[in-house]
Amino acid sequence: MILVPLGSRRDPETSSKGKLPKPESPLFPFLRCQKAESDQGFYSVGFVKAMDKEKMEELKIQLRQLFNEAQGFVEKTPPTQLYGAIGVVLFTVFFFLIIRLFKRRSSNTILLTGLSGSGKTVLFYQLRDGSSHQGSVTSMEPNEGTFVLHSETSKKGKIKPVHIVDVPGHSRLRPKLDELLTQAAGVVFVVDAVEFLPNLRAASEYLYDILTKASVVNKKIPLLLLCNKVDKVTAHTKDFVRRQLEKEIDKLRASRNAVSSADITNEHTLGVPGEAFAFSQCQNKVTVAEASGLTGDISQLEQFIREYVKA
Ligand SMILES: Nc1nc2c(ncn2[C@@H]2O[C@H](COP(=O)(O)OP(=O)(O)O)[C@@H](O)[C@H]2O)c(=O)[nH]1
Ligand SMILES: [Mg+2]
């Protein structure tokens, strides 16, 4: 801060830095004052620095003392006790790390997968709103939402919402599935039980891809094979659907293994070599259920969701 009397400009004699003003200058008293102030400032900075140094020295001495004490303690303590203490510390750290790992795995994401037209979007709306939203269904955008299941809205108490993603069956959009699988608590593979046989090959290929994904195998992500549209009398039974899929996947496994033994896209081989493929051989749990998205008969689907995303 420079004090300049009103109406006067800065004295050219004093404008150059570091120079003391001449005693005859009208600004002399002010500038002396300012100099004294800044000198004081200088002293105080110096004082703080000296204090810091002193404190640092003190701290150093204290640390050295502490270190010496610790060293003495370690030397005095019998090695068995020492190893015991180290063991306890390591065990505790390990224990907390494992707990964190498990906590991260408790996801609330359920994926609805399957070929286009199998009824995923209708099921999504049934789960969320309790209605099928006929006519407003598009299959190119993933429907996604975090909500308490419609059937649970009348229940009292706090219920954990479920994050449900309706993954479009279009093959162009399947890379998105890889990303989603890494965070899934469960996968629902929807099959059209009416138009089942014409789609058998395509459905098996899609299912095979999911079941051989490293994320599914390593994390043992449970899969529900959901035979949809059972409201129609022409719908196949869930046992028929399961057996046909097992047979088709068995054929696929043979042909894919023959093509390449190190297929990059399929990190894991399915089933037991030399045995006919069955879903029970999968490392992750595979269950079969029935539903009708159209009539709202989705209790087995809801049961699966609540088995893996606790309310
Ligand atoms: N009969 C019957 N038709 C269904 C059922 N679920 C879906 N659909 C019909 O199947 C078609 C495809 O359904 P959508 O949910 O769009 O399938 P997405 O492509 O898998 O999402 C629509 O015309 C639906 O009306 C069901 O449970 N029963
Ligand atoms: Mg859809």
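In this predicted model, Lys229 is buried, with 25 other C-beta atoms within 10 Å of its own, a count that places this residue among the buried ones because the cut-off for that class is 20 or more. Lys229 is found in the loop that lies between strand 5 and helix 8 (238-259), and its phi is near 70°, a positive value in a residue other than glycine. Most residues other than glycine have a negative phi. A second residue with a positive phi, again one other than glycine, is Lys220, for which the value is near 50°. Lys220 belongs to the loop between helix 7 (214-218) and strand 5, but this residue is exposed, with 11 other C-beta atoms within 10 Å, and the cut-off for exposure is 12 or fewer.

Helix 4 is largely enclosed by the rest of the structure, because 8 of its 10 residues are buried. These buried residues are Lys120, Thr121, Val122, Leu123, Phe124, Tyr125, Gln126 and Leu127, and they pack against strand 1 (109-114), strand 2 (143-147), strand 3 (162-166), strand 4, strand 5 and helix 9 (299-308). The helix is followed by Gly130, whose phi is positive, near 75°.

Helix 9, against which the buried residues of helix 4 pack, has buried residues of its own, namely Leu301, Phe304, Ile305 and Tyr308. These cover an arc of only 95° around the axis, so they are on the same side of helix 9, whereas Ser299 and Gln303, on the other side, are exposed. The buried residues of helix 9 pack against strand 1, helix 4, strand 3, strand 4, strand 5 and strand 6 (286-290).

For the protein as a whole, the secondary structure comes to 9 helices and 6 strands, and buried residues make up 25% of the 311 residues. Of the contacts between residues at least 6 apart in sequence, 72% join residues that are at least 24 apart. The mean pLDDT of the protein is 81, and 76% of its residues reach 70 or more. Among the elements, strand 5 (residues 223-228) has the highest mean pLDDT, at 98, while helix 1 (residues 12-15) has the lowest, at 42. The pLDDT is below 50 over residues 1-21, a stretch that has 19 contacts in the model beyond near neighbours in sequence. Over residues 26-45 the pLDDT is likewise below 50, and this stretch has 10 contacts beyond near neighbours in sequence.

Conventions
Residues are numbered from 1 along each chain as its sequence is written. Chains are lettered from A and ligands numbered from 1 in the order in which they are written. This is a predicted model: local features need pLDDT of at least 70, side-chain atom pairs count only at pLDDT 80 or more; totals for chains, interfaces and linings use all residues. Helices (H or I, at least four residues) and strands (E, at least two) are DSSP runs, numbered from the N terminus. Two residues are in contact if their C-beta atoms, placed from the backbone, lie within 7 Å. pLDDT is the predictor's confidence in each residue, from 0 to 100. The arc is that of the directions from the helix axis to the C-beta atoms.
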